[in-house]
Number of protein chains: 2
Amino acid sequence: MGLEAVLRDMGCKVTPQRLAIYEVLKNCNMHPTAETIYNIISSDYPTMSLATVYKTLDLLKETGIIQELNIGGNTSRYDVIPKPHPHILCTKCGKIENMDISLSKNLVNKAKRTSGYDIQNFQLYFFGVCPYCRNSE
Amino acid sequence: MGLEAVLRDMGCKVTPQRLAIYEVLKNCNMHPTAETIYNIISSDYPTMSLATVYKTLDLLKETGIIQELNIGGNTSRYDVIPKPHPHILCTKCGKIENMDISLSKNLVNKAKRTSGYDIQNFQLYFFGVCPYCRNSE
DNA sequence: CCCTTATTTAATAATAATTATCTAATAACA
DNA sequence: TGTTATTAGATAATTATTATTAAATAAGGG
């Protein structure tokens with residue numbers, strides 16, 4: 001289901017701004033901040049406001065098609081969710097990458113059992129030095 | 001090695017404020033924010049300033065005896081590190097608890113292999129509804 | 001034990017990220 | 001096409017965090 005359908009489903013309006021922000025996230029693998037998205041979009045949408053970016057990101061989060069990452073620093077980053085996946089941050093250059101591994105069902109089940117929580121989601125962040133930064137030392 | 005020794009080791013001064021902030025973290029399992037720590041301490045140290053709390057937390061982070069958690073919201077939380085452990089956030093009441101499980105060596109190795117990173121650390125956050133909140137629905 | 005000095009505290013200002021407010025613009029639907 | 005509720009955009013407000021600076025103080029040498 002595309003973003004348009006999702007928005008209509010929620011009784012929200014389909015606007016060019018919303019579509020554009022989602023497109024940026026889909027086409028960009030750098031896990032941008034709200035401000036980065038704003039900068040990227042500004043050339044095509046000179047009237048776009050940063051507040052609109054924030055409001056739209058909140059909305060997209062609610063729909064569940066994007067997620068917010070809190071991987072340190074003091075700004076949130078955003079990411080489309082094709083399926084849940086861990087992230088890794090290079091502590092030298094600040095780059096954030098997707099990881100193609102998953103938590104074992106086993107671990108998640110153990111988490112449910114030991115915590116007693118009804119677990120709905122998780123975030124796994126690794127921190128380290130990327131190969132490029134390692135070579136340039 | 002206690003905090004005093006660690007500080008001396010780094011050539012830093014041992015001050016009552018630093019000890020007090022660390023004590024709060026050790027005796028408090030709620031993963032407090034800087035402001036919460038400030039409030040807790042204020043009764044004993046009426047002259048304590050919030051800036052001192054922040055600076056001390058940064059210092060304690062550097063020593064490696066505490067860690068900063070970025071588990072959403074827009075405020076950091078802090079935690080002593082007896083050993084690395086996952087955390088779980090109740091999305092109803094906002095409580096954050098330690099979890100007594102660990103990532104398998106297997107998974108970490110796979111992460112190293114597939115990413116090529118020199119992995120130094122990780123954070124694993126689960127999100128769900130705690131038993132208490134579930135019952136009071 | 002006191003003096004000296006570099007470090008730290010505390011108060012305050014500054015910055016940065018995010019949220020709230022409010023008016024003009026616009027998507028949706030009759 | 002017109003009406004209306006929603007949204008965008010501009011701006012102000014709020015919140016978290018960091019920087020600045022003068023006064024206070026811990027640590028080591030005499």
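This is a predicted model: local features need pLDDT of at least 70, side-chain atom pairs count only at pLDDT 80 or more; totals for chains, interfaces and linings use all residues.
**Entry 1. Salt bridges**

I then looked up one within chain A: the side chains of A:Glu4 and A:Arg8 meet in a salt bridge, with 3.6 Å from N to O. I noted their positions in helix 1 of chain A, residues 3–9, where A:Glu4 and A:Arg8 are four residues apart and therefore separated by about one helical turn.

**Entry 2. Composition of the interface**

I looked up which elements of chain A supply the side that touches chain B. Strand 3 (87–90), helix 5 (105–115), strand 5 (118–129) and helix 6 (131–135) each supply at least two residues. Strand 5 of chain A gives the largest share, twelve residues. Sorted by class, this side of chain A has 18 nonpolar, twelve polar and five charged residues.

**Entry 3. Extent of the interface**

I recorded that 35 residues of chain A are in contact with 35 residues of chain B. The area buried between the two chains is about 2,900 Å², and carbon and sulfur atoms give 66% of this area. I then asked which residues of chain A lose the most area to chain B. They are A:Tyr117, A:Phe126 and A:Phe127, which together account for 23% of what that side buries.

**Entry 4. Strand pairing between the chains**

I examined strand 5 in both chains. Strand 5 of chain A is joined to strand 5 of chain B, residues 118–129, by eleven bridges, and the two strands run antiparallel. As one position in this pairing, I noted A:Asn121, which stands opposite B:Phe127.

**Entry 5. Relation of the two copies**

I superposed chain A on chain B by a rotation of 179 degrees with 0.0 Å of shift along its axis, and the RMSD is 0.2 Å. The two copies are thus related as by a two-fold rotation axis. I looked up which C-alpha of chain A is nearest the axis, and found that of A:Leu124, 2.2 Å from it.

Finally, I compared the interface residues of the two copies. Of those in chain A, 100% are also interface residues in chain B, so the copies meet through the same surface.

Note on methods
Residues are numbered from 1 along each chain as its sequence is written. Chains are lettered from A and ligands numbered from 1 in the order in which they are written. Side-chain values use heavy atoms; hydrogens and water are left out. Copies are superposed by least squares on the C-alpha atoms of residues with pLDDT of at least 70 in both. Contact means heavy atoms within 4.5 Å. Buried area is the accessible area (1.4 Å probe) that two parts lose on being put together, summed over both. Ala, Val, Leu, Ile, Met, Phe, Trp, Tyr, Cys and Pro count as nonpolar, Asp, Glu, Lys and Arg as charged, and the others, Gly among them, as polar. Two strands pair if DSSP finds at least two bridges between them. A salt bridge is a side-chain nitrogen of Lys or Arg within 4 Å of a carboxyl oxygen of Asp or Glu.
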